[in-house]
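This report looks at ligand contacts and helix packing. The structure comes first.

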Amino acid sequence: MEWLLYYDALAIVYVQDAFYRLPYMETLAVSVTKLGDPRYAYMVVFPVIFWCLGPVAGFHVILAASAAEWCNIVLKWLLLGNRPYWWAWHHTDWPHLLHQSPVTCETGPGNPSGHVMITLVVLLTCLDHVERGGRRKRFQQVVWVAVCVIGVSRLLISSHFLHQILCGLLFGVLIHAAISRHLSTLLHSSPNSKFCAMMGVAVVMLSLALFLFHSWTRLGMDPGFSIPLAKSKFNPQVLCG
Ligand SMILES: O=P(O)(O)OC[C@H]1O[C@@H](O)[C@H](O)[C@@H](O)[C@@H]1O
């Protein structure tokens, strides 16, 4: 695994060397990363879709965002991925410098990228509500470009390795394919069955998260391993290496 992280970190060095030559790149990377924050699914995308496309589309988006957020957290606990900005300090043979920025300090494990995965699920869910035809194709292209740009911004600020971005894309597509139709069916059911189904899913998600967290801890894995690393290795004033 270390060799993968090594070559992945080299990819970050190349991306940073290429992009940081251009003016205002750090400001741009930070702005894109902030815009790609999954919280905007609730604060911006949900109200806009609710207003423009109606309540069914709006609730579809917010349920998909919640499910994707839950899957992302659980996958992060299971995969326990490092983040480049602290990995670079610990790897003794690492000769290069990685940039940090004011938003680099993510405290959770890094795999898969939540910005990429959750944003992709949310945008693909919005896409489900756009009628087929030329407009949908254009919107689809915009979705993929937006998610890739967010992925590059995560590399530029040293928050993710390349494979974590690719895992975010893969899991985003899989989760959207797995849940979208079920959520849509649920939203078209009667209010009573909708309420029961949502309560059931919420209880299962909470119980499963608690079960996985405790089982993993008992097996000797620590999902909180990343917090001290993030606190000690984050310094936006410096390059790390
Ligand atoms: O895995 P990433 O892209 O670093 O995202 C992790 C977290 O980043 C935070 O900034 C977001 O508010 C969370 O919603 C998100 O889950």
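## Ligand contacts

An oxygen atom of the ligand lies 2.6 Å from an N or O atom in the side chain of His115. A polar contact here is a pair of N or O atoms within 3.5 Å. For Lys76, the side-chain N or O atom is 2.5 Å from a ligand oxygen. For Arg154, that distance is 2.7 Å.

There are 13 residues around the ligand, and those that come nearest include Lys76, His115 and Arg154. A residue counts as near if one of its heavy atoms lies within 4 Å.

## Basis

This is a predicted model: local features need pLDDT of at least 70, side-chain atom pairs need 80 or more, and totals for chains, interfaces and linings use all residues. Numbering starts from 1 along each chain, and side-chain values use heavy atoms, without hydrogens or water.

## H7 and H8

Helix H7 (residues 134–156) packs on helix H8 (residues 162–187) at about 150 degrees, with axes 9 Å apart. H7 is therefore roughly antiparallel to H8 (angles over 145 degrees). Axes are lines fitted to C-alpha atoms over the stretch in contact, and angles run from 0 to 180 degrees between N-to-C directions. Helices are DSSP runs of H or I with at least four residues.

Arg154 is also one of the H7 residues that meet H8, along with Trp144 and Val147. Contact means heavy atoms within 4.5 Å.

## H4 and H9

The axes of H4 (residues 55–79) and H9 (residues 191–218) come within 10 Å and cross at roughly 10 degrees. The two helices are therefore roughly parallel (angles under 35 degrees).

Definitions and conventions
Parallel < 35°, antiparallel > 145°, perpendicular 65-115°, else oblique. Polar contact = N/O pair within 3.5 Å; in protein donor to acceptor, adjacent residues only side chain to side chain.
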